[in-house]
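Please look at the structure shown here with its charged side chains in mind. The briefing that follows takes up a surface patch and then several salt bridges.

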Amino acid sequence: ALIHVGCEKHLLAVRRACVLSRSAHSAPQSKHRAIKKVMVANRGEIAIRVFRACTELGIRTVAVYSEQDTGQMHRQKADEAYLIGKGLPPVAAYLHIPDIIKVAKENNVDAIHPGYGFLSERSDFAQACSDAGVMFVGPTPETVRKMGDKVEARSLAISAGVPVVPGTDAPISSLQEAQAFAQTYGFPIIFKAAYGGGGRGMRVVREYEELEENYQRAYSEALTAFGNGALFIEKFIEKPRHIEVQILGDKYGNVIHLYERDCSIQRRHQKVVEIAPAFQLDPHLRDRLHADAVNLAKLVGYENAGTVEFLVDKHGKHYFIEVNSRLQVEHTVTEEITDVDLVHAQLHVCEGRSLPELGLKQDKIRVNGCAIQCRVTTEDPARGFQPDTGRIEVFRSGEGMGIRLDSASAFQGAIISPHYDSLLVKVIASGKDLPTAASKMSRALAEFRVRGVKTNIPFLQNVFSNHQFLHSTVDTQFIDENQELFNLKPTQNRAQKLLHYLGHVMVNGPTTPIPVKAKPSSTDPVIPSVTMGDPPVGFRDVLLRDGPEGFAKAVRAHKGLLLMDTTFRDAHQSLLATRVRTHDLKKISPFVSHNFSNLYSLENWGGATFDVAMRFLSECPWKRLQELRALIPNVPFQMLLRGANAVGYTNYPDNAVFKFCEVAKENGMDIFRVFDSLNYLPNMLLGMEAAGAAGGVVEAAISYTGDVSDPMRQKYSLDYYVKLADELVKAGTHILCIKDMAGLLKPEASKLLIGALRDRFPDVPIHVHTHDTAGAGVAAMLACAEAGADVVDVAVDSMAGMTSQPSMGAIVACAKRTKLDTGIALEKVFDYSEYWEVARGLYAPFDCTATMKSGNADVYENEIPGGQYTNLHFQAHSMGLGNKFKEVKKAYAEANKLLGDLIKVTPSSKIVGDLAQFMVQNSLTRAEVEERADELSFPLSVVEFLQGYIGIPHGGFPEPFRSKVLKSLNRIEGRPGASLPPMDFKALEDGLRAAHGDDITPEDVMSAAMYPKVFQEFKEFTGESLDTIKGEFNTNLKRGKILHIKALALGDLNKAGQREVFFELNGQLRSVLVKDTVAMKEMKFHPKAQKSIKGQVGAPMPGKVLEVKVEVGSKVEKGQPLCVLSAMKMETVVNSPMAGTIKAVHVTADASLEGDDLILEIEE
């Protein structure tokens, strides 16, 4: 046994000796120096990537960080972390070699890994490590120097027989040298940093005029990024592929390649997407690229990891660009296809191990499938990839089979600063081939949710759906030549927008001042049951079948009284400040459709509802119309059209009114109740014509004021109304309406007016609209019906009375079993009313009963319209004038007389109201106003009325009051809108698409045409409909998408004037930063550039001001450089948007700016 064991030992020794002898030429044995502690002289994801590799190898890790990086993740991932560059600028800290070496020595660091960027290609850093006795994880200092010097690297490539691009033999040191090269070789040329890569200091110049500016920018960028501004120049090859070969060498002369990567998808010479291996690359070309890369590396004795980069032109010729003597950002894809951990290999080679020892032989390296890397950055593709900064409010990554993520700052709460690279996370997808890997990448990108900062994800998604990318080869011009990549699908961001809105309300209170402390009810309304199947046939079916004329005949021929229900609009406008949301209207809509099919119509749109939906509810009014139309297909819809003012408060070009009616009809509107606030016939006729041209039912409405039963009030006499009705019937109205907006019709006046109209127009249907402010509404409407009215207005009982319409239940009950029987089941009215009684409680803070307990018969004296009566009462309390409301009402009556006794309905009623509040606030009597009219500063609405902006009142303007107020101001004669040029809808749509993306609809265009500023603010928020906002609630974003939200806490005020608001969203902690508007008034901030003010130039991105090129008084031309900004190591020149003179400069060199901060002002 002993002899046997001895023989075995002898045989093993012989075998070992043979093996050592065979391998001696390729791997001479030397003592390995084990690495026990590694420092990474870098930050972000590459630092973490190296830390992970070290941990896998049992090596302790050390991080360094700048003062600005105190909260960065790489600092937390290391075993130890130390501050460097105290007091230095952010980038300079990571370039400060003495500090880095000091930390390494003091903490017994064996090796320093430089990562990429910063000091990774600085030979003086590699030498400093060597001098300090610390291993440098990379090539020798001499190799780094040779490869880092682009000119020397080029010379070595030539020596190795590798093709090169024509270029300078040494770094240039002056603009004159650049000019001489351009004259010799012609344009285009390219500047490159001599001591670094990554696109920094790289500028393409195509014309002589661009040469000086680009030389200065390239020099400055290179100096900032690498500490050396040296540049060299090459002839720029058009539309090449960018192919790079990964090499790995050891200390014993062994060099292998790990195949190639295609990095052609670039922007500003920075790689965006990388693929390994290169797609559809000619096999012979592939072999030549590999061979040239290895030969060059062997020539210089290259050790550790590196990359040899080539350009391949359209003829298949390749040219050497440079060697990156470091690990590349895109090394990940090589690892995925070769199963070689490059960082492991780097560390082992640094320890002195040979490649064969590590099992890394060329014939053993195989390609397995395909891998793609995307660089997800905090850049906004819609704004030229400008870096975005701020706080990540939400971060959810895409994961799963075939996906690898390398990141650092990608987490909720992370602060993205302007000081460093914009890389957020590297996403690597692997699959058996390019289509498979691309499919996985698309899926992963779709899973990402990043909120708080802009990212390039929408752009990357377009790349991965591009046919050329998926099925052909791409070159470095791929992005520039495929502008459809910039047709970005906007992110919805619904949940976070909702939290921002709620946070704003929690910090700053509601957008509307609420003078009461009433809280919304916590009880949700019960929706009454609805029978299955389609709803019964209604009057809309008649309209669709017989058209507007046939519809009008059917209304006139109907036996019994028809009702129009205002619950869906005017009732809640009068009682609840128009705050009822579409959500609550939709819930009751099926019940209305099935149980009130014999209604004349539902008034549910137009008037104040249109702008309030966007202004206060953040809802699209068109979407409301569309959704209600789908739920109530059988009952006609009616809207309020303010004649030539459409749904606005000003005059519009005629074509805008016509277009609005056309779009409204297309979206489901049926009856257009057309009125004018002064009964000014030309304005009414335009609205009637527009509604008729759209195919709608024209219902011309005469606004009623005064009292036709009072012989002492003759300005608005019975004869006045009959003559006006004559004109409207002649103009072709289908329905004649009396719009009693203040509820002034008494039963006797009702009989006189409606009786006269019925006698005059026996075949024309008559509709009466009123308000119940005085409490006589039911009696008046029944009197109208007895006198021949076909239709009267009602609101469901719980939404009726006071400044709303008369009670539906009361009218139905009083008419039952008479010739006026409505045919409506009273018990269904009760169910309908019960829903709204509870739903009304949800809007308690806006309910007029919070400040107003009843109607008042003094409306017969002050003639305040119902909706305005509520608003004035509300405003008086908001302004602390609640105890003076009686004075406000008296002043309203006096203001009306001052203005000549007007028809009072929006907008004329607002004019009277503005003058009344002006009188109360300034303690002015009617006589004093008349006497001092030439010296008082009247509300703008009053001045514009007197100028003729809304038309000419019956009886003309009051004199001499008008002349005293206007003095020399212009006066408009005739219809105000007649002189306006047509609206250019195409230009408006193009502008909206440029501002908000391509999802702009014809409805959006009309909203912007009516209310430009309101629509702009609405689109910026685009909030979703909510359920009741309580401390904890659910809301439906859409079918199957339910959010559970719980408000948790408010944070303290920060230096930026913000408070952090904490929520729980679907069980996860979320927070948003909200500006405290009260606190910010006491704090000073840099002004923002206003896009609406011509000549204000704002910062296109957050960053630091490097240079201001102009001063106050300077003359500038359009396109002239004004200043230079630097953000994330990328410099941007801000050019003048116009020719003019510099009026003011708001920044200085070294100033730090946020996006849109005001830089300077230019005047023409």
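**Charged side chains in a predicted model**

Arg396, Arg449, Lys489, Lys1038 and Lys1041 together form a positive surface patch. This is a predicted model, in which local features need pLDDT of at least 70 and side-chain atom pairs count only at pLDDT 80 or more, while totals for chains, interfaces and linings use all residues. Residues are numbered from 1 along each chain as its sequence is written, and side-chain values use heavy atoms, with hydrogens and water left out.

**The positive patch**

- A patch is made of residues with over 30% relative accessible area and no salt bridge, where like charges are joined within 9 Å and nonpolar side chains (Val, Leu, Ile, Met, Phe, Trp, Tyr) within 5 Å.
- Lysine 489, one of the patch residues, sits in the loop between α17 (478-481) and α18 (494-508); helices (H or I, at least four residues) and strands (E, at least two) are DSSP runs, numbered from the N terminus.
- Lysine 489 counts as exposed because its relative accessibility is 68%, where exposed means over 50%, buried under 20%, and partly exposed in between (1.4 Å probe, protein chains only).

**Salt bridges**

- Side chains of opposite charge can pair when their charged atoms come close.
- The whole structure holds 68 salt bridges, each being a side-chain nitrogen of Lys or Arg within 4 Å of a carboxyl oxygen of Asp or Glu.
- Glutamate 213 and arginine 217 form a salt bridge at 3.2 Å, N to O, and both belong to helix α10 (residues 211-226), where they are four residues apart, about one turn of the helix.
- Within this pair, glutamate 213 is partly exposed at 23% relative accessible area, whereas arginine 217 is buried at 5%.

**Bridges between distant parts of the chain**

- Lysine 251 and glutamate 303 meet in a salt bridge of 3.0 Å, N to O. This pair links distant parts of the chain, 52 residues apart, with lysine 251 in the loop between β9 (241-249) and β10 (255-267) and glutamate 303 in the loop between α11 (283-299) and β12 (304-312).
- Lysine 251 is partly exposed at 41%, while glutamate 303 counts as buried at 11%.
- Arginine 375 forms a salt bridge with glutamate 274, their closest N and O atoms being 2.6 Å apart. Here too distant parts of the chain are linked, as arginine 375 lies in strand β14 (residues 370-377) and glutamate 274 in strand β11 (residues 270-276), 101 residues apart.
- Arginine 375 counts as buried at 14%, and glutamate 274 is buried at 0%. Salt bridges that share partners join Glu244, Arg261, Lys271, Glu274, Glu309, Glu330 and Arg375 into one network.

How values were computed: Areas by Shrake-Rupley, 256 points an atom, 1.4 Å probe, with all protein chains shown as cover. Lys, Arg positive; Asp, Glu negative; His and termini not counted. Charge placed at Lys NZ, Arg CZ, Asp CG, Glu CD.
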